[in-house]
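Thanks for making the time this morning.

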Amino acid sequence: ECTVKQDLINSNKGIEVTSKLKRKRLNSIVLYDEDGNEIGKFQWSLRGIWLSGCIQCLTPAELRRARAAEGPTTWSFSLKDGVVRITINEECLYEQPLVGECKEKYGKAKRFAFYDMTCENTFLYRSSEMLAGERITPTCAGACPQQ
């Protein structure tokens, strides 16, 4: 089991990640339903924001400017009440309500995992609302061993 279980639609905090934000390097979170079936990927960089089949846009200027001047930035991804949010320093800098099929599809998100992120990245594990899969390691961006 290489996912973290979390009720993303009802979570007030969402997923908090610390990573270096760049134009070409994507920050990627794979979203799964309760049974571990992949729903889609949330990806973003300083260039753009994507949610598989639902969102594809340029990253807003205020979000690009909010990154740390040097080193990593701590940011949060949330799907609370069917609204995609990216937050930095407790300030919501991107917000997009999901509608129709997208709201229905991502409303089933109950698990997540990181995709193609480096070991420099970390995420905040909230034991009150998260349950880590048995094979997830506490280091290296919550990745599972390659075995």
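Predicted model: local features only at pLDDT ≥ 70, side-chain atom pairs only at ≥ 80, totals over all residues.

Is T87 buried or exposed? Its relative accessible area is 19%, and because the cut-off for buried is under 20%, T87 counts as buried. Setting aside residues up to four places away in sequence, T87 touches T74, W75, S76, C92 and L93.

T87 also brings us to the largest pocket, where it is listed with N12, K13, S76 and E90 as lying nearest the centre, out of 15 lining residues. The volume of this pocket is about 280 Å³. Strands β7, residues 73-78, and β8 each supply at least two residues of the lining, and β7 gives the most, with four. By class, the lining has seven polar, six charged and two nonpolar residues.

Turning to the largest nonpolar core, it has 33 residues, and those touching the most other members are L31, F42 and L79. Beyond its neighbours within four places in sequence, F42 is in contact with a set of residues including I29, I49, W75, F77, V84 and I86.

Finally, there is an open sheet of seven strands, paired antiparallel in the order β6-β5-β4-β3-β10-β1-β12. Its edges are β6 (55-58) and β12 (131-132), each of which pairs on one side only. β12 pairs with β1, residues 4-5, in the antiparallel sense over two bridges, and there V4 stands opposite A132.

Definitions and conventions. Residues numbered from 1 in each chain as written. Heavy atoms only, no water. Buried < 20%, exposed > 50% of the residue type's maximum accessible area, 1.4 Å probe, protein only. Contact = heavy atoms within 4.5 Å. Core = buried A, V, L, I, M, F, W, Y, C linked by side-chain atoms within 4.5 Å. Pairing = 2+ DSSP bridges. 1 Å grid on protein atoms, 1.4 Å probe; cavity = no way out; pocket = protein on both sides within 12 Å on 5 of 7 lines; lining within 4 Å. Points joined across faces, edges and corners; volume = space filled by probe spheres on them. Nonpolar A, V, L, I, M, F, W, Y, C, P; charged D, E, K, R; others polar.
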